[in-house]
Amino acid sequence: MAELKIENISKRFMDKVVLDDVSLIIPHKSFTVIYGKAGAGKTTLLRIIAGVEKPDKGRIYLNGKDITDLPPKDRNIAMVYQNFALYPHMTVYDNIANPLRARKLTKSQIDEKVNKISETLGIRELLSRYPKELSGGQAQRVAIARALVRDADVYLLDEPLTNLDYKIREAMREELKNMCKDLSLTFVYASPDPLDALMMADKVAVINNGKLLQYGLTKDVYYSPKDIEVATIFGSPPINMFESYAKEENGRLFLETRLFKIDVTKYKDKLLPNKEYKIGIRPHHLAISKGIQANETISFPVELYLTHVVGAETICYARSNGLEITIYLPYIYRINYPEKVYTYFNPEHLLVFDKDNGLKVI
Amino acid sequence: MSKITLKNITHIYNGKVKAVDNLSMEVDNGKLIALLGPSGCGKTTLMRIIAGLIRPTTGDVYFDEDRVTDMEPEQRNVAMVFQFPVVYATMTVYDNLAFPLRAKKLGNEEIRRRVKNMAEFLEITPYLNMKAGKLNAALKQLTSLGRALIRDARCVLLDEPLTNIDPSSRLLIREKILKWRLERKQTTIYVTHDQSEALTLGEMIAVMNKGVLLQYDTPYNVYEKPANSFIAYFIGNPGMNLIECSFKKVGSKIVFESGCVKVSLPYEFAKAVEKEASGKVILGIRPEHIKLSKQKIEDGMLGTCVLFEDMGVTKVINLQLNSTRIRVKNPEFEVKVGESLYVTFPEEHIRIFNLNGEMIL
C-alpha cells in the first residue's frame, strides 16, 4: 500500500532546533492535519516533504521509495501555500492549466481536467477572469485548484484557509474534506487551528517546539490525549486543568481539588494515594444550573463573569475559589453582570494526569 | 465620546464601483456596535469615511451635532486599530502608549498614570520596557489597541483587529475588548467578517452586503429574526438551512413541500405567505433547532447521513433528504455516514422568506 513515511527528521536553522527527530507514517488516501502553534515547525516539515528544504537528518519515503535527495519537481507532490501567488497576466483557466502544460498533456486532456476541478471547487464561471477580478476567497480556490489539478501522490496544504473570511473557511473545510474522500486523495494539511483538525482530519499529528507529541486518529487524540501538553494545546477553547490530591478515606479513594472531590475508587489500580494529579475537563463537558445537581454528577459553585456567544453556542468564563474555569454551552446564554451558578460534569469525562511526568493515567 | 450619525452615505470608486449605497445609521454615545459583512461588502470603506481617510461621494457624517464630512482625519479625533498591528517598532511599549498623550501635551505624571493603568488593563505591564518590534503579533495588537483606547477619542474604530492573530490569543484580546465595552463605555465601531465576534462583542450589529445596510439590530434579533436569507445564512455556524418550497392550504394548515421535506404551519399564523404569487417561498431553520431521531417518529422526514463532523464541542451532521442537503447540529448525537435518521423541524423555529430573500415570518 502506498504511503508517505517520514523517518527521524531533524532540522535546525542556525542555533534553533525546528524539527527534532520527527517520525510518522501517513497512509494513502487519508486526510492528516499537522497541528501546532505558530513556530511549532509544521511549515518546515511540509517544506521538507515537498523537497524545497533539506533535512539535516532523516529520510522521506514515498510509496516505499527514498525521495530525500530528489528535487521537488521529481517528487510528484503538490503544495498550496498560505500566501499563494497567481500569475496576474493569465486568466484563471490558464493559471490552473499551467502545471498541466508543463507536463505536456494534450489540449483536450487539459480541458477536461481544468473543467472537472473547477466544477468541484465551484469556480467554473470564473475561468475567463483575471486574478485582480477575484475576491480573496475566489483567488484561494483557484490556487487550490491549481495544486489539485495535478495527479500528485500527496497534496500538501499549508494553512490555505487562514487568510480567508470565516464563512468561506466554513464552506471550504467541507469541500476539502469531501474532495479528499470522493477523489481518493492524500492530504497533509498544516494548521494552528484545532477546528481544522477536528472538522476535516482522519488523523492528527500534534507538534510543539519541533517535537511530535502525539499522532493518531483525531478522535483518539482529542478524547484521549497522551499527556498534559497535548491536552492543553489541542482543543478550543482550551481544557480546564485542576490540581488535585489523591486521598484514602474509609477504604475509598478520592481525588480532591480546591473546588470538588471525586470518588475514584474504581480506578484504584491506576492511582496512588497521597500523590498529586492533574484533572482535565473539556469546557464542553461542563454544564451549568441554578442549584446543585444531584445524581451521578459532580457540581460546584462558580461566578460567571463573561460570556461569548459563538454562533449557537456560548463560551462562559467563570471563577471559583481563585481558579479560572471555561464552560462551553451548546446554546445561547448571555449575562450582563457577574452571575452565581453551579457548574457540573459527568465523572465519565474525567481525564487524570500524573503530575510528575505529565502522562495520562485515566 | 460622541454619537455618530451617518446620513445617506454613498461612495463610488473611480466613477463606477459602488462600495457604499445610500447608507444611514446612528451609533449612540458610548455604544459598541459591530459592523459585519463578507469581504468586499464595503465595511472598510465606511470605516475610512468615518475616519476621514476617504470623502464620501455623497452624504454626511456627524459626530454629535458637528458635521465632520469635510474635516481632515487629524481634526476628527478618531482612534483606529487595523487588521495588521501598527506599532512604532523601535519604541518601547511604554513609549507607544505614551505617544498620543505626549502629542496632546499632557503632563509627565498624568502620562505615567494613564500608561500604567492601560498596561494593567491589557495585562501587558511586563512588556512595557520591551521594543514593540520584538513582540509577537498578539502583543503588538494589544499595544496598538492600547494606543487607540488611551487617548479619549471621540470614537474608536477597530477594523478586523483579530483576523491576523492566532486563535488562542484571539480569545484573550476579545475578552479585553469586551471588558472595555462593559467598563468604559466609549463609542466604538468594530468591523468584522466573523459573526461570532459580532455576536459576542456588539451591543448592536449592523449587517452589510454589497454596500447596503441590511439589518441594524440587537444580536438576538439578528440571529433569531434575520431580515433576509443572506443574513440567515451568513450568521450561524453553519448558517441557517434554506430550502425552496412550494406551499398550499390544507384545512387549517399551510403545508410547505420540497421533495421529501414536508412541514405544516397553522393557517392563521402563516397566511401572510399567500401574497407570494409564485406559490414558492424559502423555508429556513437553524441547524441546532432540528430534532433528530434514529427511530421513526410522527411527521419525521427520513434522511441519510452523508458527512459527520465531530468538532469536539459539538457535532455537525450533513443529511441528504432526496435532493435537499441539510445540516444539523447536535452536541450528543453519534451517526455513521450512510446511516438513516428521522428529522423534524419544530414549528417555533421555522422562518419563511420570499424568493427575494426578504423575511415574511
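I looked up the interface first: 30 residues of chain A are in contact with 31 residues of chain B (contact: C-beta atoms, placed from the backbone, within 7 Å). The model is predicted, and I noted that local features need pLDDT of at least 70, side-chain atom pairs count only at pLDDT 80 or more, and totals for chains, interfaces and linings use all residues. Residues are numbered from 1 along each chain as its sequence is written, while chains are lettered from A and ligands numbered from 1 in the order in which they are written.

On the side of chain A that touches chain B, α5 (166-182), α6 (194-200), α7 (218-223) and β16 (298-310) of chain A each supply at least two residues (helices: DSSP runs of H or I, at least four residues; strands: E, at least two; numbered from the N terminus). α5(A) gives the largest share of that side, five residues. I sorted the side of chain A that touches chain B into 14 nonpolar, eight polar and eight charged residues (nonpolar: Ala, Val, Leu, Ile, Met, Phe, Trp, Tyr, Cys and Pro; charged: Asp, Glu, Lys and Arg; polar: the others, Gly among them).

Next I took the domains of chain A, which are domain 1 (3-233) and domain 2 (240-244 + 277-353); the bounds come from an automatic or database domain assignment. Their centres, taken over C-alpha atoms, are separated by 36 Å. Domain 1 of chain A puts four residues into the contact and domain 2 of chain A puts in five. The domain 1 side has two nonpolar, one polar and one charged residues.

Conventions
Two residues are in contact if their C-beta atoms, placed from the backbone, lie within 7 Å.
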